Structure formats: structure tokens, C-alpha cells
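Colleague: I would like to go through this model feature by feature. Please give the general idea each time, then the case at hand.

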Amino acid sequence: MSESSTRSKADLAASLRRAWYHLRLSVRDPTRVRTWDAVVLTAASPEQAELYNLQLNRAKRMGRIAPSTVTLAVPDPHGHRIGSGAATLNAIFALANHLSSIASADCSSTGIPLLSLVETIKKKHVLLLHAGGDSKRVPWANPMGKVFLPLPYLAADDPDGPVPLLFDHILAIASCARQAFRNEGGMFIMTGDVLPCFDAFSMVLPEDTASIITVPITLDIASNHGVIVASKSESANDYSHVQLVDNLLQKPNLEELVTHQAILDDGRTLLDTGIIAVKGEAWVDLATLSCSSQPLISGLLLSKKEMSLYEDLVAAWVPAKHEWLKRRPLGEELVATLGKKKMFSYCAYDLLFLHFGTSSEVLDHLNGTGSGLVGRRHLCSIPATTASDIAASAIIVSSKIAPGVSIGEESLVYDSAISTSVQIGSQSVVVGINIPELQQTPSGNLLKFMLPDRHCLWEVPLVGCTERIIVYCGLHDNPKISLPNDGTFCGKPWKKILGDLGIQDTDLWGAKESKDMCLWNAKIFPVLSYPKMLQLATWLMGLGNQRDEYLLDLWKRSDRISLEELHRSIDFPNMWIGSINHQADLTAGIVAACLNFGLLGRNLSQLCQEILQKEATGVEICQEFLSLCPDLQAQNPQILPKSRAHQVHLDLLRVCDEKELAAEMEHKVWAAVADETASAVRYGFEEQEASTSNGILEQPFHHKKVKVELPVRVDFVGGWSDTPPWSLERSGCVLNMAITLGGSLPVGTIIETMTRPGLLINDDAGNELYIDNVTSIVPPFDSSDHFRLVKSALFVTDVKTKMNLQSSGLHIKTWAKVPRGSGLGTSSILSAAVVKALLQLTNGDDSNENVTRLVLVLEQVMGTGGGWQDQVGGLYPGIKFTSSVPGIPLRLQVNPLLAPPQLITELHQRLLVVFTGQLRLAHQVLQKVVIRYLQRDNLLVSSIRRLVELAKVGREALMNRDLGELGDVMREAWRLHQELDPYCSNEFVDALFAFADPYCQGCKLVGAGGGGFALMLAKSAESAKKLKQLLTENPDFDVQIYDWEIYLG
């Protein structure tokens, strides 16, 4: 269905990445980014519902669903089909009962009054996915449920994470739609076989009514789908139209489209995407009907009728359909309860409609529409290219491939173990297959198994059956098409299959009428030993001697099963456990290889969580890995950072629940980071420092006074790439600017000698300290010590050995005329000022480069950590693009941007520097980010890499005086900062940025975020003036807008 939109692949990537970012944010901080109160799936049977509940629990464990969200899979009553509309009512009723039972554990679900049930659910925000279909057109996804089929879009963003499923991507898109409900209760209904990629984050829906999401499509596509007829009155914005729904059409022909005026001005019509939102009073009506629906559903079961969501239930909100609906099952009740409200169409013009309705569509979306997003090798074990023949375009996920295997182009292999001498053709699908080592022929050669091009092969465990059943069909087979209508099996017409193999139609279908003879109910798959099933599979697919009487007799004498019977007999618990154990074993192999041969580049903490899912032995496997840790550093001492080796050891200790040893190892991790930073910064400088010292120790007292004042810095983009250990191991780039506030340099120090021995320190907060014995200034310093910054500066500059503080002393005054927790780099810049002044006092190397390095060491001594961008921002004037080259020593390249006067003027006019009033502490955020980096969290690594790229883009934008692009860079940088740590923002900041958004090209908090100052780059000078006025007048935002200027030195 991708032809229904003209969006490009890049747009698909952008939509999905933004949706995934929002999903992760809502899971990690649901109090700030609202998430669903409940996620509900419909299922075909109680057994399938149990499997779906396991999948929902997995989604919570993997961070796809917030811990606070209630999850529930609801089967059709007694496994009998009641239609998607009745299934919706049944699911809402089941959820209301479930929520009531949670609220009151001793309450009987059968005795809860109707009003209490409605009251329980009416304020909830519910995501409902219809996932209970037969999946006849994607039969290999039938056992797992089509909504849980593998869809490795963006898998490369998190190579150590689980294989992304269609369900995961739907959750991501749906997370953005939650905002459209605000605080008004409601339900968002989606189908489990469609991925609708659109900007749900900007969706605005009418209050107290139902809405259906639509998208314009061409008339040929409309003839196979539902069509919405919208009225001509509309409420529009640039990206969508909200219109009253006048009528509903099902698979209309051209005459019907014309008659009902369903054709738009551009010659297209509105496709019903299957996405429905019900809000406010309309939601209360639907909940009321649902909570009293059980007698109605019982009537449906007795009459063996079904009630559709898209034809029947939705029609209750469309007056033109009421008379028709009253003649349908439950139609009178639907009109009476829901008919007072209307339905609106929300037309999302940017919607990309990816339908996973057939096996070929699945491969099309993996190799066509979204091919650039697909991770083609993910959590897999594959042999060397010289030991196998695996096409580069093949998609191998969560699978183990033995040497001697061939896999053709654009094929999908998932959750499988493929042994030697197996050949898989092109454009084929292999799922859940575990082919053991094949037997040898009498001549000593291995038997071979081949799956032809464009075929599907999968295994299913059945209740009461020891062997897993091998199932197969052609990629384009439609199991619903009967023999007389040219139905096929393995790509060949049934008539040819029967003629070639000598099979009678009664062998497959018994005495059924010919119109009912189709693949869905053909008893064709034998239940035998695994080798014999493989042998018969080859024969049935037409690859062997087709007139083989032995195989024909073997097939006829075997117990056989159809796809229809298979669907009712799946051993879901066995299938789930087998898949979990397979993934755990595969992951354990990856971890073992990483520990034994690699440089620990994988996220072992994340991988071990998969291993722990293995029944009984998961912890034992991790304990074996733990025993390897003492040798990790010895394997590659010149390459592997000690901090990384310690972090791996720490992660495994935590996985094995060794809490005391983990606490000890955590101290070693941070000590290693500090040592590595000091080593990288101070390497090669000891002799230089010694040579620049003038031996003040022996000189008589001379009064000397040094004053250093510095600006603060604001950063546009690139922060975090300057922070050790990232900057010690990878390249970093930061674009920032030195500014004055209120016409003055806000950070400074005065240091002067005094005749009194010892050390006197005071600051602008009125704190004062005298130290007579300077030899006591030794780290570690207490975190509550007001003067640990000054003490650390004295320690790293080694002033104690360069001055005789026993016969004379020093008086150090410091100030920072900015609010605490400003995010302006104040602590690092003040450290730079003190270090620079001390070096000037002792005739040391006070160059900006040396001071920058020493402040890096100072912050490790203080225990706060930190990077180089703050001190660079304060020490070097103007706008700078600074890059770091990792290694020993760490090398910085500070490149001042030669900003023309016009650019400086425009920045002054359009850039607002705003103090939010929200206080923050950078080191608390920093520690979380550093730990994630040491764990090799792939999402963090990719985010910081992107920040480095954006710094380069921002530099070009400034040089080209393109402040619009700079604003876009700032906006994306802010999104990435929240990816790194969701707590770098809060509800106040979110509201402030939302208020400013109509006037701004981009907004972000400076520094690590969490509060402090914000940069707001307005769209124009006029917009800046207007925004400044509005912020000043708005009582909801108690913020302070500062006058600032670029500090040019």
C-alpha cells in the first residue's frame, strides 16, 4: 500500500525515529510525557491471549511499555468469532473489570455495578490493537500473531537490543497520538497489520466525539478498501483537514464514488486507515455500551453472527447509515447508545500506509519502501563469507546459520537455526525453523534440503505432539482461494499439484464441495519424524521425483493437518519457551565471543538480560561469564580502557546479584575514569610544568595580586561529545559562544599573597575558610565542601610545592554572578579562572590550552566529572567550533568563527537568553550518561555521534548566516539531549518551549539541561520582541530574560 503516498524513504525514517524517541521518553518519564493508561490486544482464543500477554510483558521488560501501564490481551468469548466490533465492546468490558479488580482486589467482577465500571474507565486513556485475525494471507505469522512479526526497521540503531517487531513500531507511532487526548479520557483503536507512519504528535481532534484517520488515495486502491465520504465544511491547517463524516463506503466502484460525492478535487478519495479515536462524551457512551454488552454478545454467539467495527460500530456515528445499521446485528442498540454523537474525519496528508496483509507485502516493505531502515544482520550467528553463500540483501535476525548454508537475495530468516547443507532461495521467508544436522547418504555425502525461490517455511509445536510440524507454502499463495478459482499451493495450481503427485482431492478435503477446497482447509501437512517431514516437504514442493510411490504412500498413511486445524492446535507455551531459549542461547554465544575475543564493544548488560530469560540456567550462564572478568584487562592492556573492563565486571556482578562486590567495583570504575582522564590530559606536560616553575619556595615575600574575569558560555550543539571517557576514545565537536550578562563578565577570582601563613578563601555567598596547614589539602574532598573547587585547583596546579605557604599565605576570592545551576558552565569556568590565576601567580603555563586540560583533571578530582566545552567556552572569546582528537595526549583544536558584524547583529536581535528558574545539578545527569556510555548503550552512542554531526552542520549554518538552519540544529540537539537523559527537561520547561514554539526556530536548555538557562532562537527580530513581551506579561512563566552580548575579548 506504499503507493498511496508520495512520501520519501527519508520521511519514513524521520517519522519512525521521532516516534521511537517519543516512545522511549514516555516510558522513561511518564509523569512528564503522558503515556497510555492501558494497552489492550484482542485475540482469537484464550490460548492466543496467553501468548499475547507474554509478549506484552516482554514489551514492558524491553522498555516499550511503561511499568505503570496496564496491559491486557482479551480473547473472543470461548474462542468463537464475534467480529471486530463486538470484540471491541468485549475488550472494553474486560478492561473495565480488570481495572476494577486492581482497584478493589476483593471485588467480584460479576457483581460490579454498571455505573462503577463506567466510572472506572471513563477517564482512562486506552490503546486498543485488533490482533485476533487468522492471518490467512501471512500464514507463517499466524502462530506468533501477525502484529508480532519481525520488522527490523531501525534495528541498527540498537544492535544489542531485541529484534524490533511490527508491534513495537505501532507502539511508537501510537505514543505520539496520546497527546491528542490531553486529559480527556478516550480510546485509540488501531489494527495489528498496518503501520501508519504519520505525524501523530501534531494531531488535533475534536472534543467529545469519534474521529477516524484518513489519507487520500487513488481510486483503484479505494476499490479494495473502506472509503470515507467527508462533508465540504472543514477545519483545516497546513497538514490535515478535520471534516464531518457524511457516509461510509465499502470497496466502492467508480459509480458509487461519484454518486456519493466521495471524489476529492485532486481526483483521489479518502481511505479509511482503520485508526479510530473516541474522546470525552463519545468515549463514555462507548464504555457504557461495552460494560452492558455481555447479553448482546451472548446473543451474537447464539445466532452465530458477527458485528464489525468498521462497517457496523462506526456507522452508529454516521446518521446516513442509521437505517441500514438498524437491520444489522446489534444495530438498534448501537444507534440508540452511540447515535447522538457524530464522527469526524482527520485527514493526515503525510500518512504513509504500510499494510502487512500478505507475505509478499511483508517482503516488499523490507526490501522496497523501508529497505534503507532495515537491519539485515541482527543478533545472529553467521559463518564467514568463505564458508557460506549468504546474499547481502538477505535479512537474518535472531538466527544461527551453520557453515555450508546458502541464502538467496531478499529472503527473511527469523528465530531459526539452520544446519549445514540447507539452501534457501531468494525472496523466501523462514521462521522458527530448527533444522538439525542432516544425515549422510550411503556414499558419505550429506543430505541436502532446498527451499525454492518465493516460498515460506515455518515450524509449529502442536498440543500433544512431540515433533514440531513443518509447514510451507508459496509466497504468493492465497490460502482462501479455492481449487475451482485457480487456487495455488507452492506457487502451482492445485490441479497441477494433484496431477503431478497423484493425490486425490478427497485425500485433502474429504467430501467437501469444490467451492470450499482451498489451502486453508487442505489436510496436506504430515505429522511424522523430522527427517521424513523434510523429505515429504521436498516432494510436495515439486523438487524430487514427483511420481515417487513410496513418498505418496508415506504421505497418505501419515496423520495430516491443515492450516485451519493447525491454528486451533498450536502449543503456545511450548512455542514461547522454545523461542525464548533459542534467543538466550544465541545471545550467550555473542557474549562469550565478546569476552573471549573482542574488545568489549557490545552492550553486555543489555544482552545478559536476554540470557536471564532462559529457564533455570540463565543465571548460571552469566556466572560463568563473570569468572572471565579478572582476565579482561590482561587480554588487551594497551587497547582496552580499564574503565570499560571494570564496567563489564560491574554489569555482570549486578546481573548475578552480587551487590556488595558490585558496590566495590563501582568505585573502581569511577577511579579508572579519573585516572584515564588525568593520563590523557597531563601526558607529556610534567617536564614543561617543572621548567616553567621559578622555585618561589626559596624567594622572600613579595606582594602579588592577580585578577581573572571570564564570560560564561552558551552552547548551540555538541555537548556530551566533550565529556570523558567519550572524548578520550572518540572524536568530539562543540559549537558554543562566550557571552557577557548585563554588560559584565560574571565569573572571576582575585588571588593575592599575604604575610599571614596559610590559606584564606571566601566567596560571593559569604562563605569563608582559613586553612593554616595546607598539607591537609588532599583529595577526596567532601561533596558538601563549599571550597572543594578551590582546593582541587590548588591540588592540580601543585601550588603547595611551588610556594612556601608556611611563611606566607594566599587569599583567594571567587564570585559567579549568575544563578546556581545555570547551565552556563559556571563551575568549570570558575575553575578555569582560579587555575589560570594560580598559574599566573606562580609563573606557570597559563595558556588557555593548558588551563583547559587542567580543569578536566580538576573536575575528576572534585568528583563531579565534566568535559572540556565549558572552560573552552569561557577562556576563548567569541563563537568557537572546537573539536577534540582522542588519544594520549588529548588534543583540542579551537577554531574561532570569524563572524561578520551582520551575523552578530542578527544574533543579538533574535537570540533570547532566558533563565527558567529551574535549578539543576550537572553532575547528577553526567553520571547517568557516563555509565550508559561505559555500558556501550547503542542508543546513547548513536545520539552523541549525531550531536557531533550536528555541530558541523551548525558551524556551516552560522558561517552562511542561515539562522533558520541553526534553529533546526538546536531543536534536534534538544531532542537528542532528552534521549540521553529524559530528566534533562521537566513539565515547566516543556510548557515554556511549547508556548515559545510559534515564535521560535529552535529552543534548548544550555549545558546538560535539567533547568537553568534556555536559548530561544526566534524566527525574526519581530518574533523575538513579541516573545519577550509575552513572556514578561505571562504570570505562568516566572522567567528572567537577560541582556547579553558576544564577548569578543
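Colleague: Does I751 count as buried or exposed, and at what relative accessibility?

Modeller: First, the ground rules. This is a predicted model, in which local features need pLDDT of at least 70 and side-chain atom pairs count only at pLDDT 80 or more, while totals for chains, interfaces and linings use all residues. Residues are numbered from 1 along each chain as its sequence is written, and side-chain values use heavy atoms, with hydrogens and water left out. Buried means under 20% relative accessible area, exposed over 50%, and partly exposed in between (1.4 Å probe, protein chains only). I751 has 0% relative accessibility, so I751 counts as buried. I751 belongs to strand β31 (residues 747–754); helices (H or I, at least four residues) and strands (E, at least two) are DSSP runs, numbered from the N terminus.

Colleague: How far apart are I751 and K813 in sequence and in space?

Modeller: They are 62 residues apart in sequence, and their C-alpha atoms are 6.4 Å apart. For D505 and T753, 248 residues apart along the chain, the C-alpha separation is 106 Å. D505 sits in helix α15 (residues 505–509) and is partly exposed, at a relative accessible area of 31%.

Colleague: How are strand pairings read, and which strands pair with β9?

Modeller: Strands of a sheet pair through backbone hydrogen bonds, either parallel or antiparallel. Two strands pair here if DSSP finds at least two bridges between them. Strand β4 (residues 186–191) runs antiparallel to β9, with 4 bridges, and M187 stands opposite V278 of β9. Strand β6 (residues 210–217) is also antiparallel to β9, over 7 bridges; there I212 stands opposite I276. As for cover, 11 of the 11 residues of β9 are buried.

Colleague: Which strands stand at the edges of the open sheet that contains β13 and β21, and why is one side of each left without a neighbour?

Modeller: That sheet has 4 strands in the order β13-β16-β19-β21, with parallel pairing. β13 (389–390) and β21 (449–451) are at the edges; each has a single partner strand, so one side of each has no neighbour in the sheet. Strand β19 (residues 422–424) is joined to β21 by 3 bridges in the parallel sense, with V422 and F449 as bridge partners.

Colleague: How is a pocket found, and how much space lies in the second largest pocket?

Modeller: Rolling a probe the size of a water molecule over the atoms shows where empty space is left. On a 1 Å grid over the protein atoms alone, a 1.4 Å probe being used, a pocket is an open set of points with protein on both sides within 12 Å along at least five of seven lines; lining residues have an atom within 4 Å of a point. Grid points are joined across faces, edges and corners, and a volume is the space filled by probe spheres set on the points. The second largest pocket holds about 1600 Å³. Its lining has 41 residues, with S84, T191, D193, Y310 and H355 nearest the centre. Elements that each supply at least two lining residues include β9 (269–279) and α3 (83–103).

Colleague: How many lining residues of the second largest pocket are nonpolar, polar and charged?

Modeller: There are 8 nonpolar, 20 polar and 13 charged. Here Ala, Val, Leu, Ile, Met, Phe, Trp, Tyr, Cys and Pro count as nonpolar, Asp, Glu, Lys and Arg as charged, and the others, Gly among them, as polar.

Colleague: Where do cis peptide bonds occur? One joins P724 to which residue?

Modeller: It joins P724 to P725, with omega about 5°, and P725 is in the loop between β29 (712–717) and α26 (726–729). Another cis peptide bond joins P779 and P780, also with omega about 5°; P780 lies in the loop between β33 (768–771) and α27.

Colleague: What is the phi of R182, which is not a glycine?

Modeller: R182 has a positive phi of about 50°. R182 is in the loop between α5 (166–177) and β4, and is exposed at a relative accessible area of 56%. D657, likewise not a glycine, has a positive phi of about 65°. D657 lies in the loop between α23 (642–655) and α24 (659–682) and counts as exposed at 54% relative accessibility.
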